[in-house]
Amino acid sequence: MRLDKYLSDATAHSRRDIRQLVKRNAVTVNGIAARSVDMKIDEKQDVVCVNGEKVFYRKFIYLMLNKPQGYLSATEDDRDPVVVDLVPDELKHFAPFPVGRLDKDTEGLLLLTNDGQFDHELMSPRKNLYKRYYAELDAPANAADIELFASGMEFREFTAKPARLEISPDDPCKVYVEIVEGKYHQVKRMCERAGKNVLFLKRVAIGSLQLDPALENGKVRELTAGELAIFGW
């Protein structure tokens, strides 16, 4: 791989910036100042530094976001803030996008990546990947609601597969809902079918991946190797 491609992939530096850095001897490869931007780099073995700091090469990034309310699950919008606005500046050059979506007024676990294959795998219907939500309702849930969710529901534009409803033993107005699809306002519409309105909604898990309880609302961090392994990545 060319040095300029290596650095443009791994850092926020533009190709023009990289040329200037090389001219100033600010880029080293295995401790030796790089002489040209087109020199070949082994991304697995060579040690590349910029201004004395080691550069860690990766083509793809995988991020966990604790999404706050008020943000659209999109990369851009003319009116509302979008989730990629919350990505730290040092990662924005990777151009991540949301994996799936959360409604504007829904909080919680949202993944972002620039790996299209990862997005395709997680979004594939054949995965039957359950998403777990915590919801607060305006009326108590009951055993009949559990059966209703488990039976699946017919809506005008789609048929919801059987879902799981778990009622908090401390407060029947607090529930957990697990669905496979993730259609527009799906959890809210299913609760409305049961005669309840959702007052608060937060996604807390995707499959076995739990929202990090230490990750503050609106903050982003990279997924660990162990977390990626949950999805076979």
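Two strands are counted as paired if DSSP finds at least two bridges between them. Helices (H or I, at least four residues) and strands (E, at least two) are DSSP runs, numbered from the N terminus. The structure is a predicted model, in which local features need pLDDT of at least 70 and side-chain atom pairs count only at pLDDT 80 or more, while totals for chains, interfaces and linings use all residues. Residues are numbered from 1 along each chain as its sequence is written, and side-chain values use heavy atoms, with hydrogens and water left out.

The protein contains seven helices and 15 strands. Its C-alpha trace spans about 70 × 35 × 35 Å along the principal axes. The radius of gyration, taken over C-alpha atoms, is 22 Å, whereas a compact globule of 233 residues would have a value near 17 Å; the globule rule is 2.2 Å times the number of residues to the power 0.38. The accessible surface, from the Shrake-Rupley method with a 1.4 Å probe, comes to about 12,600 Å², and 48% of it belongs to carbon and sulfur atoms. Of the 233 residues, 44% count as buried. Buried means under 20% relative accessible area, exposed means over 50%, and partly exposed lies in between (1.4 Å probe, protein chains only). Contact means heavy atoms within 4.5 Å. Among contacts between residues at least 6 apart in sequence, 64% join residues at least 24 apart.

Strand β5 (62-67) is mostly covered, with six of its six residues buried. In a regular strand the side chains alternate between the two faces of the sheet. In β5, Tyr62, Met64 and Asn66 point one way, and Leu63, Leu65 and Lys67 point the other way. β5 is joined to β7 by six bridges, and the two strands run antiparallel. Within this pair, Leu65 stands opposite Leu110 of β7. β5 also runs antiparallel to strand β15 (residues 220-222), to which three bridges join it. Here Leu63 stands opposite Glu222 of β15.

Strand β8 (residues 131-137) and strand β12 (residues 174-179) run antiparallel and are joined by six bridges. Strand β11 (residues 164-167) is also antiparallel to β12, with four bridges, and a hairpin through six residues joins β11 to β12. Val177 of β12 stands opposite Tyr133 and also opposite Leu165.

In soluble globular proteins, nonpolar side chains tend to be buried together. A nonpolar core is here a set of buried Ala, Val, Leu, Ile, Met, Phe, Trp, Tyr and Cys residues joined through side-chain atoms within 4.5 Å. The largest such core has 34 residues, of which Phe149 and Met190 touch the most other members. At least two residues of this core are supplied by each of β5, β7 (107-113), β8, β12, α6 (186-193) and β13 (198-206). Apart from this core lies another, of 16 residues, among them Leu3, Ala10, Val27 and Val50. When neighbours within four places in sequence are left aside, Phe149 is in contact with Pro162, Ala163, Leu165, Val177, Met190, Cys191 and Ala194.

In helix α2 (residues 15-23), the buried residues are Ile18, Leu21 and Val22. They lie on the same side of α2 because they cover an arc of only 95 degrees around the axis, the arc being that of the directions from the helix axis to the C-beta atoms. Arg16 and Lys23, on the other side of α2, are exposed. The cover over the buried residues of α2 includes α1 (3-10), β1 (27-29) and β3 (48-50). Just after α2, Asn25 takes a positive phi of about 60 degrees.

Two further helices each contain a buried residue described here. Leu122, in helix α4 (residues 116-123), counts as buried at 5% relative accessibility. Residues up to four places away in sequence not counted, Leu122 touches Val99, Leu111, Leu129 and Phe231. The C-alpha atoms of Leu122 and Val99 are separated by 7.7 Å, although the two residues are 23 residues apart along the chain. Glu227, in helix α7 (residues 225-230), is buried with a relative accessible area of 13%. Its contacts, leaving aside neighbours within four places in sequence, are with Met64, Leu209, Arg221 and Glu222.
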